[in-house]
Amino acid sequence: MLKRSIGIGMLCLAGHAYSAPITVTITDDITKDDRECSLREAIEYVNKGMPEAGYMGCGGKDAFSTILLDKQKTYILNTKIDVKASLALKTYYDIAVTDEAIPGLNNAVIKMAGKDQIFNIDNDPSDLALITIREVSFEGCNKNVCADKGGIFYNNESLVLQYVKLSGGNARLGGAIYNVGESSATQNYISQVSITDSIVENNTAMTGAVLYGQRPAFTLRSVVLKNNNTTSGAANIFSEKAIQDVSLLTNKNMNKLSNSTFLNNSGYAINIRDGVAVNNVTIVGNNAGVQFDSAEGYGYLTNSIVVGNGTGTSNCQFSADDKTLMQNNLVSTECKSGDAKYPNEFWTGTKLFAGNSSEGTCKSLVEDPDALLCPYSTPKNTFLGYIRPRILLSAKNMFDTLILNKGRVDLSSDSTQLICETMDQRNKNRTTDNRWCDRGAIEIVVPSSKSRIGQDLKVGEVAKLNILEYLGDSDLYPKEQCESLLKMKNPAGGEWQDGCAYIDQTLTKSKGTLTLDIDGNLVYTPNGNWHGADIFNLQIVTSSTHFNENKKYMVLEAYMVQEPNNEFEDKSVKTSGGAFGFFGLFAVLGLVGIRRFKK
């Protein structure tokens, strides 16, 4: 806390010499002429043109329109705030501190305590204001209808959101956001919404629980949308009308939804009108899928997964005159074949998630050999969770799957084709030429460089760790199939272990024994009271590497270090050493260079 306070103070002191952001100093919703600056006062100061004299304890000479909030603090609002000028709003924290440097995990929270929307963003109709918000979470009023239009935001400007979380919004139209998205006789611009690397969850509306627009005017990339509720059965991302002039459209200026995941939402995910492109999106486990209403044929659904939504024909709903171009999707049969040149592929399975529910732990290939996907989960120290596609053992090769390597790009000029996105929802690179990219929001990747594992031990201890995080998007190969796959018995003798685990001693002689199960649990037991290190390569076969002709395994470098108990150690002095002390340089390298491992 002291470090953060000093950091903000130094930032402000530096600002007096040059320029300074506006620091919100209290969390209460007040307007009072004192030395404190509330969020409401800070925004009103910008609305007033940032006078040199300041306003109610905010700003002053040389201030600029960036408003800083303190990390993980909650700022309470009793009524909405009008935003009438361009500004940036973001959470401040020390990015030099490793555990604070992950965007999204330190967000300040703006919470509506009354029954109202949070921001009413509407400026002079002759001028477009830019509102940029980064690393801030918004909690709507969580009451029955916070506002008629826009439970969290009413937007008639350019709204840019990154690493935000929007939840608890409730409105008749636009549970989280209502975007005007249309010019008028007095307004000569179209308001826009851009959302990236964000979460939108638990919002409710009659229409458009996530986003309602009079016309399409949005860009959504790397967004997780889950547990939103559109009560009328319409779409969660809803455009009332198509884009006004389709003749101006190109593939580059479409209103686009990409690299995003829909899960456990009520209502359709999105209605595709002319001017809307949906690419590399995963829409699964909702009570409905996609609505198609592109009368002029300027709507697109490409390279996506739309399965397991509702029952019967709930995955796809077509208007009578729809001409949406559907290319290379994984869908159910009611969604039709789509484009003849890049046709859809049908999923006819019955098991969607390899888990006890749509969120949680993924079962192994032994426990569940057939499910298409792992449940949604959020890895440690990440903001966005994701749904991982599984490589089933029934696949004959890397191209005999429903999701993996399905890019199907024609390298000849083809203006009607939308190729895969260059990165996936996690901002991991897809294949560079797009020919073998994966359907859906997630690109399956496998570490290509050796990862380091290890543990410090005292005499009498055993090492226990889990290696699944080092496998990328793969599963361990089951021990029952190792002999038939490798066409050999275990060279070390005895039965194969899961992952067809094999120890290759490198810098030392073997000093212990190792066991590995299908869930990735590794146990290393030293074979005596030795002092030093056991260094070896652990070779393991996974669901992705087993397709390779020559090298069916990936390698983990292991450093197991044992030292005697120090009965004379001064407990007031901290020491380091062992696998992550002596070999610290190796340990910090972690997962180096994740990229696609393809045949």
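Reply: Cys316 and Cys335 are both buried (buried means under 20% relative accessible area, exposed over 50%, partly exposed in between, with a 1.4 Å probe and protein chains only). These two cysteines form a disulfide, with their sulfur atoms 1.9 Å apart (a disulfide is a pair of cysteine sulfur atoms within 2.5 Å). The torsion about their S-S bond is about 95°, so this disulfide is right-handed. Cys316 sits in strand 30 (residues 316-318) and Cys335 in the loop between strand 32 (330-331) and strand 33, so the link spans distant parts of the chain, 19 residues apart (strands are DSSP runs of E, at least two residues, and helices are runs of H or I, at least four, numbered from the N terminus).

A quick word on the source: this is a predicted model, where local features need pLDDT of at least 70, side-chain atom pairs count only at pLDDT 80 or more, and totals for chains, interfaces and linings use all residues. Residues are numbered from 1 along each chain as its sequence is written, and side-chain values use heavy atoms, leaving out hydrogens and water.

Now for another link: Cys362 is joined to Cys374, S to S 2.0 Å. This one is left-handed, with -70° about the S-S bond. Both cysteines lie in the loop between strand 33 and strand 34, so the pair ties together parts 12 residues apart in sequence. Cys362 is partly exposed, at 24% relative accessible area, while Cys374 counts as buried at 3%.

The whole structure has 6 disulfides.
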